[in-house]
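This report describes a pocket, an interface and a pair of charged side chains in a protein structure. Please keep the sequence and the structure in view while reading.

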Amino acid sequence: MISTRLLAAVIFVVAAVYTYYGNTYTVSFGDVLGPSVFPVIVGVPAMIFAGSLVVFPGGGVQWAGRTHLIRQGIALAVLLAYAWLLKPLGFPLATFGLIAALAATLGGPAVKSIQLGAAMSLCLWVLFDQILGLPLAFLGTIFGA
Amino acid sequence: METLSLLASGFTVALSPLNLFLLFSGCFVGTLIGALPGLGPVNGVAILIPLTFAFGLDATSSLILLSAVYFGTMYGGRISSILLNIPGDEPAVMTTLDGYPMAQKGRAADALALSGVASFVGATVAVIGLSLFAPMLARAAIHFGPADYFALYIMAFATIGGVAGVDPRKTLLSALIGLMIATIGIDPISGVPRYTDGNFHVYDGIEPIVALVGLFAISEILVLLEKHIKDRSKAIPVDGWMPSLSTLLSTKWAMLRGSLIGFVAGVLPGAGASLGSVMSYSMEKQASDKDGTFGKGDPRGVAAPEAGNNAASGGALIPMLSLGVPGSGTTAVMLAMLISLNVQPGPLLFERQPDLVWGLVASLYMANVTLLILNIPLIGIFTRLMAVPTWALLPIVAAVSFVGVFSISNSIFDLEVMIAFGALGYLLRKMDISLVPLVLGLLLGGDMERNLRRAMSISDGDWSILVQSWISIALYALTIAFLGLSAWLAIKANKREKARNLAE
């Protein structure tokens, strides 16, 4: 209940800010409606529905246990790290890290996860870069490539 | 007769070497995605879309590939339902009810072959229906004006969440969030940048494909991480693939009934393949369960839902192609691809791009034959590949999603957007808010706003234009009736739950 209320409240605030800014877009030319009416049409009902979920939340949220939450946090961090390290490290090395780390987070045995990362990062590079022709840098910018 | 000559020209498109290759690989990949538990049709199709862009495929070829994958997942979903008692994807849930008991009795090969044939019958009925009814619907939709389209989109948002078991407020809120995201970027009519905060990355708006991959693929990883991951139960071994003809013949009426019910469910907005299989199964149970054999391995209980979900997935293509309004999650994702390639589905598509429409229809006929071969004699390949554990599968899915999104624009910002949408999708799913209306809002938002503004320009600012045509009045009436029905069902379910809580 609390979680649904909290998340709905966040959506309500976002919709309110959205509607407020939507109302400020004005132009003196163009079509009859202009750029601000549609955001208001969308934003106001969004506020109403989100608000009604704050007051009458339908159904509760079952959060995962602490270990699972930690694993989800690790997974998100791994994904973000991959986005930021892809260019510096190059595709195979970064992808090795991504696959090995995610596999281990998902409960794969450590050695097998590393083997999977090593094998699949190379396979994917060969498949996409060499065979299918999508340019994926083999070495990243930190190697001077 | 006109349909036949159009279909013949469609076959010339579908038989080009590239399209044939895409068709076969799509069928194979689709069956595999369907068979692997944890990867459903929506995720599978969403991950593949960026790759079709990266390879520079045109709209026809991309659509052929994705439809082959889509049909393949519907065939493949049954494999793990029958052998593992774990549905490979959501529409295959009903197949576990009688498929797994059948396999436990040592009739795994029969169950697989039977459901393969049932899938073929269902999908073929749907493709025939598609060839006949889609052009008719498109011809009717040509009379739609801007105000009618606005009404149609509102109906699509209200109905896509389905009628039962959902809180209509959540469906609508999801659609509105999608519409809010759709307005980010430069307003195409006045040129005013909206909600961009001066960030030039979002001047073109949020790329729907990037958002989709995040919403479906990345959030799926987060959802699976909270489940207790354990080794899967061992699959029941399969000996041989030849179906027994007498079993097959005994289910012919179940297949046909299932196909027809599934097809209707697929065409209706908001139903989709899952509801198609549920309806086919329960109707078949009512019609033929005389000796109480359903749920204990009755072949008819395998045939009906399989025919139903395949027929529904074909039927769901009809509103997507002829109205531009998808009836299910997977067709919504396919619509995203078409819009990103500047193909606007709808009545004009049938006039302007007959090659695309009829090439797709012809491909679907061929995909069915291909899938029948893949899924009966070659079933052994998939039962072996199905043994890949989740911890090994999902990281590869993540890597392929990254490759696809990165190759669209080589932009790190897109990767960040994808991850952010993954987290958003996860939170919304935790709140029991379906993501499909959000995707629909994100996709149709631009067009919905344009139609509204066009209608208002025609009427010079008079809002009553929105309810002046019979088409739009009928659409609003249907929308209100639908929302009323689902609100009533939601309140009833709520009361029942409260009563149960009190009783305890």
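## The second largest pocket

In this predicted model, the lining of the second largest pocket receives its greatest contribution from H2(B), which supplies nine residues. The pocket holds about 1,100 Å³ of space. It is lined by 32 residues, and those closest to its centre are A:Leu127, B:Val29, B:Leu48, B:Leu51 and B:Val400.

Both chains take part in this lining. What is the make-up of the lining by class? It has 28 nonpolar residues and four polar residues, with no charged residues.

## The interface of chain A and chain B

Where the two chains meet, 66 residues of chain A are in contact with 61 residues of chain B. Between them the chains bury about 5,600 Å², and 81% of this area lies on carbon and sulfur atoms. How many salt bridges and polar contacts are found here? The count of salt bridges between chain A and chain B is zero, whereas 15 residue pairs are in polar contact across the interface, with both residues at pLDDT 80 or more.

On the side of chain A that touches chain B, at least two residues come from each of helix H1 (2–24), helix H2 (37–55), helix H3 (66–89), helix H4 (91–105) and H5 of chain A. H3(A) gives the most to this side, with 12 residues. By class, this side of chain A has 49 nonpolar, 13 polar and four charged residues.

## Salt bridges

Side chains of opposite charge can pair when their charged atoms come close. Over all chains, the whole structure has 10 salt bridges.

One salt bridge joins the side chains of B:Asp110 and B:Arg107, with a distance of 3.8 Å from N to O. Where do B:Asp110 and B:Arg107 lie? Both belong to helix H5 (residues 93–141) of chain B, and they are three residues apart, about one turn of the helix.

Methods: Residues are numbered from 1 along each chain as its sequence is written. Chains are lettered from A and ligands numbered from 1 in the order in which they are written. This is a predicted model: local features need pLDDT of at least 70, side-chain atom pairs count only at pLDDT 80 or more; totals for chains, interfaces and linings use all residues. Side-chain values use heavy atoms; hydrogens and water are left out. On a 1 Å grid over the protein atoms alone, a cavity is a set of points where a 1.4 Å probe fits but cannot get out, and a pocket is an open set with protein on both sides within 12 Å along at least five of seven lines; lining residues have an atom within 4 Å of a point. Grid points are joined across faces, edges and corners, and a volume is the space filled by probe spheres set on the points. Helices (H or I, at least four residues) and strands (E, at least two) are DSSP runs, numbered from the N terminus. Ala, Val, Leu, Ile, Met, Phe, Trp, Tyr, Cys and Pro count as nonpolar, Asp, Glu, Lys and Arg as charged, and the others, Gly among them, as polar. Contact means heavy atoms within 4.5 Å. Buried area is the accessible area (1.4 Å probe) that two parts lose on being put together, summed over both. A salt bridge is a side-chain nitrogen of Lys or Arg within 4 Å of a carboxyl oxygen of Asp or Glu. A polar contact is a pair of N or O atoms within 3.5 Å; within protein, one must be able to donate a hydrogen and the other to accept it, and residues adjacent in sequence count only if both atoms are side-chain atoms.
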